[in-house]
Amino acid sequence: MSWGTELWDQFDNLEKHTQWGIEFVEKYTKFVKERSEIETNYAKQIRNLSKKYQPKKNSKEEEESKYTFCRAFLTTLNELNDYAGQHEVISEDLTSHIITELTRYLQELKTERKSHFHDGRKAQQHIESSWKQLEASKKRFERECKEAERAQQYFEKMDADINVTKADVEKARQQAQMRHQMANDSKSEYAAYLQKFNQEQNEHYYTVIPNIFQKLQDMEEKRIERISVCMKKFADVDRQVLPIVGKCLDGMTNAAESIEPKADSKQVVESFKSGFEPPGDVEFEDYGQAMKRTVSETSLSNTKESKEKPGGKTKGKLWPFIKNKNKSPKQHKEPLSHRLNDFMASKPKMHCLRSLRRGLSLKLITLNSHVRNLIEGSVPEDFSHLPPEQRRKKLQGKIDELSKDIQKEMDQRDALTKMKDVYIKNPQMGDPASVDPRLTEIGQNIEKLQSEVQKFEGWLAEVEERMPSKSDSQRKSGLYETQNSTTVSNNCAQDRESPDGSYTEEQNSEVQVKAQPIPTPTTTTEFDDEFDDEEVLPTIGTCKALYPFEGHNEGTISVAEGELLYVIEEDKGDGWTRVRRNEDEEGYVPTSYVEVFLETNAKDS
């Protein structure tokens, strides 16, 4: 169906219809623009959500990344971020393929429509002007005919009247003839205009207007076709990203399926295992039996026997879930002042007092060290603040990290060496000497890293040597069962700090004093003043200081690197060894700072 033949008289309606079509394109463009904005905002919110739950760069989050469910959640966040990127792609494609094109097309469409309707109005004006000319000539012809008729009637009247002169009759005849001539001329003009108008009208309704309406019809069909293409693109834009969105969803599914509860449970063990042995059985303490003095209170065997009593293991480790470490559910401990009075009244309890001094002194030393580390925000380089198993893992991780750095430096050195060889063979490519400073710097870096590795390997070997084994625990268990415990030994075991107990107390103290000032070891000072006359501990070996140590804390002693000292009390698992420089100068030094050589009889006892 053609608009030109069917709608030749609907110029105004076609004008309204085409204007409505342009408004529809504008409305659809606005719709796509709003959809694009929705996709952009949605992608932004998804990205912000993913960023909000991304792990922060701190030690806690790094520790959490060990677990499979944490890694799965991180993968889900990354896939969600990629998913948001696909919605950004949708927004960009909608803007570039639809909104931009429709905006440009709308300008062209408005210009084309304006041109066609301008031609249509011009044709309308032309035919209307021709019609007016025809009407004017027709009215003139009609007027001239009436004037000629009146002039003829007047002439005939004058010619019949005998009273009128011949001159008047002749004048009336001439006037009638002139009017007849003017009427004939108007008739000819009217006929010409009529023929012209008919031709123009025929051309207008069968040629000009159909052509203009055909152009408008083509324009409208192109508009509809363009809308169809844009609607198809609107769907294709989503369809194009579906494979990538599917991959993102598959990645989330695979991440969820990669979660391994058993592996996470095992990781909990690896993260928190201390490496200490569980505490042994608590021995029966007979308070009804009188205190007995040992055979030789100053003998080395008795001293060591009292040190190796396993009863101290119950303190701090036997009741791990009870907040008040000073009380156990099975035995009631007397106040410290009462026990000190008992110790003062009974001379054979000197070894117990020495053990009590050691425990309190070491606690204060370690507590000061931990609080200082917390305040300064640093940890020891050798990770000595950690339990053995965790310390071993940290040291091994540090060694692996340094090994990777060494490998990187060596790769750079190999690459620079090859470059230097190329420069030597082809001097025009570069100066071989320009590579030497960098090679020297890399060599120095490798030496530094290797020395660091050796240092950490030494600490690692020390930790592995001190890690308790099954044979040691079995030997200690046998010792507990076969050894005869006197009342004095029981009391000593009750007050002595075991390696496990020392560590547990340190950890609890570290947690509880985060917001407290550094305590001063006044208790140790009081003990030193009160028991200065106690007997001197025997020497059980010697030691050599591997590193310098400045004993700032109460109860410690300063040593210089390479200095030889006497060992009077070996490490009980708390990281400290008691040494003596001379008769009046003794104290504790970190075990990792010295190399201990125990005497044969001390090792065997």
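Guide: Let us begin with an annotation from a record, bearing in mind that the model is predicted. The unreviewed UniProt entry places the feature "coiled-coil region" at residues 131-175 and 392-419.

Visitor: How far apart do the end C-alpha atoms of residues 392-419 lie?

Guide: They are 41 Å apart, and the span is 100% helix and 0% strand.

Visitor: Which residues of the largest nonpolar core touch the most other members?

Guide: A nonpolar core is a set of buried residues joined through side-chain atoms within 4.5 Å. The largest one here has 35 residues, and Tyr-28, Val-32, Leu-94, Ile-98, Phe-213 and Leu-216 touch the most other members. Helix H2 (11-52), helix H4 (68-160) and helix H5 (166-257) each give two or more residues to this core. Apart from it lies another core of 13 residues, including Phe-549 and Tyr-588.

Visitor: What does Leu-94 touch?

Guide: Leaving aside residues up to four places away in sequence, Leu-94 touches Val-32, Arg-35, Ser-36, Ile-99, Phe-234 and Val-237.

Visitor: Is Ser-50 buried or exposed?

Guide: Buried means under 20% relative accessible area. Ser-50 has 2%, and therefore counts as buried. This residue lies in helix H2, and its side chain reaches the backbone oxygen of Leu-77 at 2.8 Å.

Visitor: Is Glu-583 buried or exposed?

Guide: The cut-off for exposed is over 50%. Glu-583 counts as exposed because its relative accessibility is 73%. Glu-583 is found in the loop between strand S3 (576-582) and strand S4 (585-590). Its C-alpha atom is separated by 8.3 Å from that of Val-536, 47 residues apart along the chain.

Notes: Residues are numbered from 1 along each chain as its sequence is written. This is a predicted model: local features need pLDDT of at least 70, side-chain atom pairs count only at pLDDT 80 or more; totals for chains, interfaces and linings use all residues. Side-chain values use heavy atoms; hydrogens and water are left out. Buried means under 20% relative accessible area, exposed over 50%, partly exposed in between (1.4 Å probe, protein chains only). Helices (H or I, at least four residues) and strands (E, at least two) are DSSP runs, numbered from the N terminus. Contact means heavy atoms within 4.5 Å. UniProt positions are given in the numbering used here, feature names are shortened, and annotations may be inferred rather than shown by experiment. A polar contact is a pair of N or O atoms within 3.5 Å; within protein, one must be able to donate a hydrogen and the other to accept it, and residues adjacent in sequence count only if both atoms are side-chain atoms.
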